[in-house]
Every structure is written in C-alpha cells, then in structure tokens.
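Subject: Handover of a structure

Dear colleague,

Please find below the structure that I am passing on to you. My notes on what was found follow it.

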Amino acid sequence: MQVVDDMHIVQTDKGKFKMRVEAAVMERYQNDSLSWDLFPKGFSAYAYDEDGKLETEIKGDGARHTTVTGTKEELWMAYGNVKVSNLVNNQIMETDTLYWDPTKEKIYTDCYVRIIDPKGLMQGYGMESDQRARSTVLHRVFNNYLIIDNDSTAVVIDSVNFIGPFPKK
C-alpha cells in the first residue's frame, strides 16, 4: 500500500520523549484482518526513561510490525543481528530474533542470546525482559562467566589480634 523512505517516528508524552524509531525504508501492507509494516533495510528504536533521558537502543537488520484490524493487538519482531543496549545498566544483549509486545510491555525470544555486561558474559537460549531491558531473565543458560567483586578467599590481617610476624610488602 505504501513505501516510506528515511522514516523517522517520535512518540512523546507531556512534552517528553518516550520512543523514537528510524528506518531507511518502511513498506506497509494490509489485508482484511491484518496489517503489517516491514523494515527490510534495518531499523533503530530508542526508548527514553520517565525523565526523558535515552535508556535503551534496539537495532536490527530488519523488522516487522503487525497489527490486527479492529483491535489494539500488535507485535513487533526484529530480526538479523539484533542488538539491545541498556545504557543505564551498561549492558548489551545480542540475538537473531527479538519480539516486543507493547500491550504486555515486554521483550522476549527463544533464540540464542548473549548478554555482555561489565561483570561478565552470559549466554543461553531464550530470554524475557521488560520492554526497556531493565530486568532480563535468561533461559537455558550455558558457558557463562562473571567477574567476582567480593572474593571470599581474601586474607585479611587483624593487626590487633594478630600473633606472629607481619607479612613483608
């Protein structure tokens, strides 16, 4: 039905940014009960927190936005090298396919997921999170590593109750 080049959508609430979507090309299709928008040349979505600060970025090689005619039911699907960056938590999530349900306000996938964060690497098959990627639950986890901040094996010398020579520095 429609092709849009260099698409730029901004959603605001009381003058504050809520979301921004950008794409090189958007193609709109429609039949009797279903309409969908395709983003075949990639897309970028940006979500802002309650104060209007950029919190989450989602980028992918392509996307599809499907709506059911006559209802508020809709679903977004990002595919191909999907990267979700939560700028507040300094966390990056990578997967091949990601779904976003705006009515339930959650993102999810059953595909391979890799989460990179300052404390380590986590990977698994399947993931669920709120729509801003603030609290991610990883499913079927494997081969993860984390950096431990508080080492329970560290030796602490109590100079008041210590008996014996102090170690040399």
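Throughout these notes, a contact means heavy atoms within 4.5 Å. In that sense, tyrosine 125 touches Asp110, Cys111, Tyr112, His139, Arg140 and Phe142, leaving aside residues up to four places away in sequence. The model is a predicted one, in which local features need pLDDT of at least 70 and side-chain atom pairs count only at pLDDT 80 or more, while totals for chains, interfaces and linings use all residues. Residues are numbered from 1 along each chain as its sequence is written, and side-chain values use heavy atoms, with hydrogens and water left out.

Tyrosine 125 is located in strand 10, residues 120-130; helices (H or I, at least four residues) and strands (E, at least two) are DSSP runs numbered from the N terminus. Tyrosine 125 counts as partly exposed because its relative accessibility is 39%, where buried means under 20% relative accessible area, exposed over 50% and partly exposed in between (1.4 Å probe, protein chains only). Between tyrosine 125 and phenylalanine 142 there are 17 residues of separation in sequence and 8.6 Å in space, C-alpha to C-alpha.

The protein as a whole has 0 helices and 12 strands. Of its 169 residues, 34% count as buried. Among contacts between residues at least 6 apart in sequence, 36% join residues at least 24 apart.

In soluble globular proteins, nonpolar side chains tend to be buried together. The largest nonpolar core here has 23 residues, and Phe39 and Phe43 have the most contacts inside it. Such a core is a set of buried Ala, Val, Leu, Ile, Met, Phe, Trp, Tyr and Cys residues joined through side-chain atoms within 4.5 Å. Phenylalanine 39 touches, among others, Met7, Ala23, Val25, Met26, Trp76 and Tyr79, not counting residues up to four places away in sequence.

The largest pocket is lined by 26 residues, with Gln11, Met19, Trp76, Trp100 and Pro102 nearest its centre. A pocket is an open set of points on a 1 Å grid over the protein atoms alone, where a 1.4 Å probe fits and protein lies on both sides within 12 Å along at least five of seven lines; lining residues have an atom within 4 Å of a point. Elements giving two or more residues to this lining include strand 1 (2-13), strand 5 (54-60) and strand 6 (62-68).

With kind regards
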